[in-house]
Amino acid sequence: MSRPAAERIAPRLVDVAESAGVSLATASRSLSGSVGVSEEVAAHVREVAAQLGYVANLHARTLAGGRTSVAGLIVYEIGDPYFAEIASGVVRVAGEHGWSVQISHTERDPAAEVAQIRLLRAHRVGAIVVAGSGYVEPSMEEEAGRELAAFQESGGRVVVVGRHHLRCDAVLTDNEAAGESLTRHLLELGHRRLAVAAGPAHLTTIVDRLAGIRTAAAGHGLDPDGLPVVHAPFTREGGRDAARRLLDEHPGTTAILALNDAMATGVLSILRERGTPVPQEVSVTGFDDIQVAQDLAPALTTVRLPMSEIGAVALEMALRPPSARPRRRSTGHVLVVRDSTAPPRGRD
């Protein structure tokens with residue numbers, strides 16, 4: 001007897017298994033990204049499923065107590081190009097593995113972060129990627145750490161981007177070395193009166209970037225603790241506020257290091273409003289090399305972190321079987337010299 005037309009239009013998981021020549025369990029694990037199946041077999045099953053037009057019934061899987069092929073991505077600010085580029089890498093890898101991505105936005109609020117983790121757990125996602133800095137004070141991550149640990153104990157996978165006080169796999173951005181590279185560039189141009197427009201002091205990202213800056217300063221005979229530093233929100237407006245204070249309180253400054261590109265745009269706007277030419281009077285650097293950095297006027301000297309690759313690596317780690325000890329993957333950085341830096345006036 002031939003199958004009803006409705007069944008031919010909507011192939012079942014058993015049809016995929018039969019066509020791929022594997023067991024029903026292997027087909028299910030291959031399509032859900034579960035452990036216990038080689039990548040070669042999983043890729044074959046996914047190809048067969050695509051040819052048949054099979055679509056998994058995620059609702060039924062959730063009701064059965066299983067996990068969905070959905071990755072939860074938690075970012076601090078979805079409008080920030082840094083996180084948007086990380087998200088693009090996560091989404092790309094998810095698509096390659098037949099997964100989808102649910103993105104949550106926390107605005108760097110630890111309580112909101114915990115609430116989003118709980119919501120993702122309630123939706124039975126298969127993996128959670130937390131993209132963004134950890135907190136200097138471990139207590140700020142304790143509750144999130146308990147939620148993520150419980151999620152891992154129940155079979156979920158967790159990967160964080162940045163330095164966190166969490167026991168899970170991590171992709172570590174090259175913050176300290178990148179900060180050192182930027183500062184050496186300015187010092188080699190002849191700058192000695194440096195100032196820093198920094199983000200929030202409670203973020204490990206800021207601590208690490210400042211550590212690199214101070215290491216380079218000390219290596220060139222400067223007092224690393226004597227560098228003027230103003231902490232402000234990690235935004236364009238934060239950069240404007242920091243620049244105002246730095247220029248008013250330290251009028252002899254010849255170079256400002258902004259600890260992300262968004263802040264650097266704010267620094268440039270204040271200098272433009274004040275009629276201060278860049279880089280002739282004051283040099284400016286950013287951090288991250290977001291896509292618009294090269295389109296600013298002047299084009300921004302910065303360090304390039306591979307944000308899209310960071311997101312891709314994070315989800316690839318999440319889709320692998322867990323290891324006995326948390327894994328660590330470090331990223332590189334590239335110094336990108338553009339038009340916003342030059343030797344200080346009077347020095348060629």
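## Strands, pairing and the ground rules

Two strands count as paired here if DSSP finds at least two bridges between them. Helices (H or I, at least four residues) and strands (E, at least two) are DSSP runs, numbered from the N terminus. With that in hand, take alanine 127, which stands opposite arginine 157 in E4. Five bridges join strand E3 (residues 127-131) to strand E4 (residues 157-161), and the two run parallel.

A word on provenance: this is a predicted model, where local features need pLDDT of at least 70 and side-chain atom pairs count only at pLDDT 80 or more, while totals for chains, interfaces and linings use all residues. Residues are numbered from 1 along each chain as its sequence is written, and side-chain values use heavy atoms, with hydrogens and water left out.

## The six-stranded sheet

E3 and E4 belong to an open sheet of six strands, in the order E2-E1-E3-E4-E5-E11 and with parallel pairing. E2 and strand E11 (328-330) are the edge strands, each pairing on one side only. Ignoring direction, neighbouring strands of this sheet are turned by 15° against each other on average. (Axes are lines fitted to C-alpha atoms, for helices over the stretch in contact, and angles run from 0 to 180 degrees between N-to-C directions.)

H13 lies across E1, E3, E4, strand E5 (169-172) and E11, and runs at about 155° to E4.

## Around H7

The loop between strand E2 (100-105) and helix H7 (110-122) is the place of arginine 108. This arginine 108 has a positive phi of about 55° although it is not a glycine. Most residues other than glycine have a negative phi, and most peptide bonds are trans.

Arginine 124 is found in the loop between H7 and E3. With a relative accessible area of 32%, arginine 124 is partly exposed; the cut-offs are under 20% for buried and over 50% for exposed, with partly exposed in between (1.4 Å probe, protein chains only). Arginine 124 and alanine 71 are 53 residues apart in sequence, yet 9.5 Å apart in space, C-alpha to C-alpha.

E8 and E9 run parallel and are joined by three bridges; isoleucine 256 has valine 284 in E9 as its bridge partner.

H10 is followed by glycine 221, whose phi is positive, near 80°.

## Loops on either side of E9

Which peptide bonds are cis? One runs from valine 278 to proline 279, with omega near 10°; this proline 279 is found in the loop between helix H12 (261-273) and E9. Another runs from alanine 297 to proline 298, with omega near -5°, and proline 298 is in the loop between E9 and strand E10 (302-304).

The loop between E9 and E10 also holds aspartate 289. Its phi is near 60°, a positive value in a residue other than glycine. Aspartate 289 is buried, with a relative accessible area of 10%.

## Nonpolar cores

A nonpolar core is a set of buried Ala, Val, Leu, Ile, Met, Phe, Trp, Tyr and Cys residues joined through side-chain atoms within 4.5 Å. Of the 72 residues in the largest one, Ala197, Leu259, Val267, Val284 and Leu315 touch the most other members. Helix H13 (residues 307-318) gives the largest share of this core, eight residues. A second, separate core of 16 residues includes Val70, Val130, Ala144 and Val158.

Leucine 315 touches Ala71, Val90, Val93, Ala94 and Val129, not counting residues up to four places away in sequence.

Technical notes. Contact = heavy atoms within 4.5 Å.
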